[in-house]
Amino acid sequence: MGRLFLVTLEGKIYSCKHCKTQLALCDDIVSKSFHCRHGKAYLFSKVVNVTVGVNEDRMMMTGLHTVADIFCVKCGSIVGWTYETAHEKNQKYKEGKSVLERFKLSGPDGSNYWVSNEAQIGRSQQENV
């Protein structure tokens with residue numbers, strides 16, 4: 001494998017929670033009202049330091065979209081998906097944009113997002129059993 005070159009961002013940054021690789025700027029958030037299986041997700045106009053997986057058609061809450069998973073370029077963790085094609089006319093604004101799952105990110109202040117307190121309590125109780 002060759003040398004890894006990372007894009008360095010300036011400002012308030014969202015990073016991969018596993019390896020702290022910078023992924024996106026707060027200023028590039030288009031919407032915070034997206035959801036994924038882990039909870040909240042944010043739509044960004046631009047993300048960096050990711051690799052793009054294979055395109056596939058997925059039926060989402062807003063209709064059929066052609067999307068590709070995106071992965072942290074450093075550690076390989078899946079961090080979200082990118083919209084290649086929106087098949088509904090009113091969803092075209094998503095094309096070329098990417099969604100990052102908040103659960104997979106460290107926030108600008110270094111904080112991690114938890115799905116809910118109940119989920120965390122349940123998980124810690126299961127680990128103690």
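**Figure 1. Aromatic pairs in the predicted model.** A search of the whole structure finds 4 aromatic pairs. The model is a predicted one. One of the pairs joins Tyr-42 and Phe-44, with ring centres 6.5 Å apart. Their planes meet at 50 degrees, so this pair is tilted. Tyr-42 has a relative accessible area of 8% and is buried. Phe-44 is buried too, at 0% relative accessibility. Both values fall under the 20% cut-off for burial.

**Figure 2. Trp-81 and Tyr-83, an edge-to-face pair.** The ring centres of Trp-81 and Tyr-83 lie 6.4 Å apart. The angle between the planes is 75 degrees; it is over 60, so the pair counts as edge-to-face. Trp-81 is buried at 7% relative accessibility. Tyr-83 is buried as well, with a relative accessible area of 3%.

**Figure 3. Ring cluster and a charge over a ring.** Tyr-14, Tyr-42 and Phe-44 form a cluster linked by ring pairs. Phe-44 is one of the residues that touch the most other members of the largest nonpolar core. Elsewhere in the list of ring contacts is a lysine: Lys-17 lies over the face of Phe-103. The distance from Lys-17 to the ring centre of Phe-103 is 3.9 Å.

**Figure 4. The largest nonpolar core.** This core has 13 residues. Leu-23, Phe-44, Val-47, Val-79 and Leu-100 touch the most other members. At least two core residues come from each of strand 1 (13-16), strand 2 (22-25), strand 4 (39-44) and strand 6 (63-72). In soluble globular proteins, nonpolar side chains tend to be buried together.

**Figure 5. Leu-23 and its contacts.** Leu-23 sits in strand 2. Leu-23 has a relative accessible area of 0%, so it is buried. Neighbours within four places in sequence are left aside here. Among the remaining contacts of Leu-23 are Leu-9, Ile-13, Tyr-14, Ser-15 and Cys-16. Val-47, Val-48, Asn-49 and Val-50 are also in contact with Leu-23. Further contacts include Val-79, Leu-100 and Leu-105. Ile-13 is 10 residues from Leu-23 in sequence. In space, the two are 7.3 Å apart, C-alpha to C-alpha.

**Figure 6. Val-47 and its contacts.** Neighbours within four places in sequence are again left aside. Val-47 is then in contact with Leu-23, Ala-24, Ile-70, Ser-98 and Leu-100. Leu-23 and Leu-100 are, like Val-47, among the core residues that touch the most other members.

**Figure 7. The largest pocket.** About 440 Å³ of space lies in this pocket. Its lining comprises 21 residues. His-35, Cys-36, Met-60, Trp-81 and Tyr-83 lie nearest the pocket centre. Trp-81 and Tyr-83 also make up the edge-to-face ring pair. Strand 3 (29-36), strand 5 (50-60) and strand 7 (78-86) each supply at least two lining residues.

**Figure 8. Overall layout, for orientation.** The protein has 9 strands and 1 helix. From the N terminus on, the order of elements is β-β-β-β-β-β-β-β-β-α. Of the 129 residues, 40% count as buried. Among contacts between residues at least 6 apart in sequence, 42% join residues at least 24 apart.

Technical notes
Residues numbered from 1 in each chain as written. Predicted model: local features only at pLDDT ≥ 70, side-chain atom pairs only at ≥ 80, totals over all residues. Heavy atoms only, no water. Core = buried A, V, L, I, M, F, W, Y, C linked by side-chain atoms within 4.5 Å. Buried < 20%, exposed > 50% of the residue type's maximum accessible area, 1.4 Å probe, protein only. Helix = DSSP H or I, 4+ residues; strand = E, 2+ residues; numbered from the N terminus. Contact = heavy atoms within 4.5 Å. Phe/Tyr/Trp six-rings, centres within 6.5 Å; stacked < 30°, edge-to-face > 60°. Lys NZ or Arg CZ within 6 Å of the ring centre and 35° of its normal. 1 Å grid on protein atoms, 1.4 Å probe; cavity = no way out; pocket = protein on both sides within 12 Å on 5 of 7 lines; lining within 4 Å. Points joined across faces, edges and corners; volume = space filled by probe spheres on them.
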